[in-house]
Amino acid sequence: MKTPLLLDGVEVSNRIKDDLAKRVTALNEKGITPSLATILVGEDPSSATYVRMKGNACRKLGMESKKIEMPTETTTEELLATIKQLNEDDTVHGILLQHPVPEQIDERAAFDAIAIEKDVDGVTTLGFAQNAFHFAQYPSCTPAAIMAILDHYDLPIEGKHAVVVGRSPILGKPVSMMLLNRNATVTICHSRTSELEAHVKQADIVVAAVGRPEFIKGEWIKPGAVVLDAGYNKGNVGDCDYDGCAANASAITPVPGGVGPVTISMLLKHTVDAAERAQL
């Protein structure tokens, strides 16, 4: 196989942000600053880093990042009250609850408390259902990033067999619905799927979203398949064995620098979309 096409997430992200900068400027001229509220409960260092990265990305575009930090012992009721306040705040256009949250909190109840018009991270059950029916305004950001990468590089989806390895409600399941809505034939697998290798070997498009480092092996990849690695694990490695998969793939995302940067850009895009819709 020849060297695969490198699906450069930084390039895709920059293209999205260039467009967003113009839209943010237009909103600023009307006296409107798109605002993303991020809620961080507890002191998980990885979560704090993610929140800081998202805040920096907002500020670089002229958006507002409103960070709400709550102590580890926060109750579900206290978190719900904070979300309610943000729902009612007209200056906030998007709400992101950084997860995971401390174990005493009902995470699903907290996600579903976010108003659908401010669910820019695509975490509510209503947003999931809208995505399945192909009319979600703000699908989950990592699935949206995967679709944006495929579209940026004009990679065909219709008629292709996509195998998604992973079933989380904010990644594996929604990206499967998005691919299905674009007329792919979709097989959803996971870490406990029997004969997983045989399923992956049938794929024209492989989405790795299982959360295990280098779980997808190169010999599983059908020659010419497109590989999108949505994993990010300790040591800056994805869910695919990159070198092995690249030997067979026609196109592949790197880790880091692939799906991750586009995920953040989609969060910013959804927030700007919400700010624009709030003016209608």
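Is Phe-215 buried or exposed, and what is its relative accessible area? In this predicted model, Phe-215 is buried, with a relative accessible area of 18%.

**View 1. The aromatic pair of Phe-215 and Trp-220.** The structure holds one aromatic pair. Its ring centres, those of Phe-215 and Trp-220, are 6.1 Å apart and the planes stand at 85°, so the pair is edge-to-face; the cut-off for that class is over 60 degrees. Phe-215 is buried at 18% relative accessible area, and Trp-220 is buried at 12%.

**View 2. The largest pocket, with a volume of about 1300 Å³.** The lining consists of 43 residues, and those nearest the pocket centre are Tyr-50, Thr-142, Ala-230, Tyr-232 and Thr-263. Two or more lining residues come from each of helix 2 (45-60), strand 4 (94-97), helix 4 (107-113), helix 6 (141-152) and helix 10 (259-277). Helix 10 gives the most, with six residues. By class, the lining of the largest pocket has 22 nonpolar, 14 polar and seven charged residues.

**View 3. The second largest pocket, with a volume of about 330 Å³.** This pocket is lined by 18 residues, of which Pro-139, Ala-144, Met-147, Met-178 and Arg-182 are the closest to its centre. At least two lining residues are supplied by each of helix 6, helix 7 (172-181) and helix 10. Helix 10 provides the largest share of this lining, five residues. The lining of the second largest pocket divides into eight nonpolar, five polar and five charged residues.

Note on methods. Residues are numbered from 1 along each chain as its sequence is written. This is a predicted model: local features need pLDDT of at least 70, side-chain atom pairs count only at pLDDT 80 or more; totals for chains, interfaces and linings use all residues. Side-chain values use heavy atoms; hydrogens and water are left out. Rings of Phe, Tyr and Trp (its six-membered ring) pair if their centres lie within 6.5 Å; planes under 30 degrees apart count as stacked, over 60 as edge-to-face and the rest as tilted. Buried means under 20% relative accessible area, exposed over 50%, partly exposed in between (1.4 Å probe, protein chains only). On a 1 Å grid over the protein atoms alone, a cavity is a set of points where a 1.4 Å probe fits but cannot get out, and a pocket is an open set with protein on both sides within 12 Å along at least five of seven lines; lining residues have an atom within 4 Å of a point. Grid points are joined across faces, edges and corners, and a volume is the space filled by probe spheres set on the points. Helices (H or I, at least four residues) and strands (E, at least two) are DSSP runs, numbered from the N terminus. Ala, Val, Leu, Ile, Met, Phe, Trp, Tyr, Cys and Pro count as nonpolar, Asp, Glu, Lys and Arg as charged, and the others, Gly among them, as polar.
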